[in-house]
Amino acid sequence: MISASLTLLLLAGGLTSTTAQAAEDEPDKEWREVEAQLPAAPKNENLLPFYQSGSMQFFIDAPSLSIASDGTVRYTLVASSSAGARNVSYEGIRCATYEKKLYAFGRSDGTWSRSRRDEWDKISQTGANKQHHSLFTEYFCEGNTIAGKANSILDRLRGKRTLYGR
């Protein structure tokens, strides 16, 4: 039930009691994650570079990038060292919470090994591994909102700046 003071405040701001009720109900909606469907293994010709840290270069596999119905941006991340080491992972970022999640590790034969850890972690912007912060701030998110559709995000990764939401 909406308190009288909240109703007066909302009505003074031009909101109806229906809008006020919807605003009050919003915190009750619990976010539910949609199960991740693992993509095909990345191919070198589809890798888009986006960040370099020392001897590490980071790439996104373009065909793997998607926006799930739960509001997460999902993608395959490829990390390559100048010495030739290569790590592949399938991950997600939640713009609404500044968090990341690892869904699976890529194997050398092109198959996936699902992560045993089923937790979302805050993104770090300190230390050597700032690749997730770079994805969040420069490509995937506008504040706490996804920065457009998948094609728009891919254009940003390709260096083409587009208007938000296109």
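Pro49 counts as partly exposed, at 45% relative accessibility; here buried means under 20% relative accessible area, exposed means over 50%, and partly exposed lies in between (1.4 Å probe, protein chains only). This residue is placed in strand β1. The model is predicted, so local features need pLDDT of at least 70 and side-chain atom pairs count only at pLDDT 80 or more, while totals for chains, interfaces and linings use all residues. Residues are numbered from 1 along each chain as its sequence is written, and side-chain values use heavy atoms, with hydrogens and water left out.

**Pro49 and its surroundings**

- Not counting residues up to four places away in sequence, Pro49 touches Gln57, Phe58, Phe59 and Leu157; a contact means heavy atoms within 4.5 Å.
- Pro49 and Phe59 are 10 residues apart in sequence, and their C-alpha atoms are 4.2 Å apart in space.

**Overall make-up**

- The protein has 4 helices and 10 strands. Helices (H or I, at least four residues) and strands (E, at least two) are DSSP runs, numbered from the N terminus.
- Read from the N terminus, the order of elements is α-α-β-β-β-β-β-β-β-β-α-β-β-α.
- Of the 166 residues, 38% count as buried.
- Among contacts between residues at least 6 apart in sequence, 40% join residues at least 24 apart.

**The disulfide**

- A disulfide is a covalent bond between the sulfur atoms of two cysteines. The rule applied here is a pair of cysteine sulfur atoms within 2.5 Å, and by this rule the count is 1.
- Cys95 is joined to Cys141, with an S to S distance of 2.0 Å. The link of Cys95 and Cys141 is left-handed, with -75 degrees about the S-S bond.
- Cys95 lies in the loop between β5 and β6 and Cys141 in strand β9 (residues 141–142), so the pair ties together parts that are 46 residues apart in sequence.
- Cys95 is buried at 3% relative accessibility, and Cys141 is buried with a relative accessible area of 3%.

**Tyr98**

- Tyr98 is found in the loop between β5 and β6.
- The phi of Tyr98 is near 55 degrees, a positive value in a residue other than glycine.
- Tyr98 is partly exposed, with a relative accessible area of 21%.

- Helix α3 (residues 131–140) is mostly covered, with 8 of its 10 residues buried.
- The buried residues in α3 are Gln131, His132, His133, Ser134, Leu135, Phe136, Tyr139 and Phe140.
- In helix α4 (residues 150–157), the buried residues are Ser152, Ile153, Leu154, Arg156 and Leu157.
- The cover over the buried residues of α4 includes β1 (47–53), β2, β3 (66–67), α3, β9 and β10 (145–146).
- Gly159 follows α4 and has a positive phi, near 90 degrees.

**Pockets**

- On a 1 Å grid over the protein atoms alone, a pocket is an open set of points where a 1.4 Å probe fits, with protein on both sides within 12 Å along at least five of seven lines; lining residues have an atom within 4 Å of a point. Grid points are joined across faces, edges and corners, and a volume is the space filled by probe spheres set on the points.
- The largest pocket holds about 200 Å³ of space. Elements giving two or more residues to its lining are β2 (56–61), β4 (72–81), β5 (86–94) and β6 (99–106).
- The lining of the largest pocket has 13 residues, of which Leu77, Ala79, Asn87, Val88 and Ser89 lie nearest its centre. β5 supplies the largest share of this lining, 4 residues.
- The lining of the largest pocket divides into 7 nonpolar, 5 polar and 1 charged. Ala, Val, Leu, Ile, Met, Phe, Trp, Tyr, Cys and Pro count as nonpolar, Asp, Glu, Lys and Arg as charged, and the others, Gly among them, as polar.
- The second largest pocket has a volume of about 160 Å³. Its lining residues include Glu33, Glu35, Lys101, Arg114, Arg117 and Asp118.
- The residues lining the second largest pocket divide into 4 nonpolar, 1 polar and 6 charged. β6 gives the most to this lining, with 3 residues.
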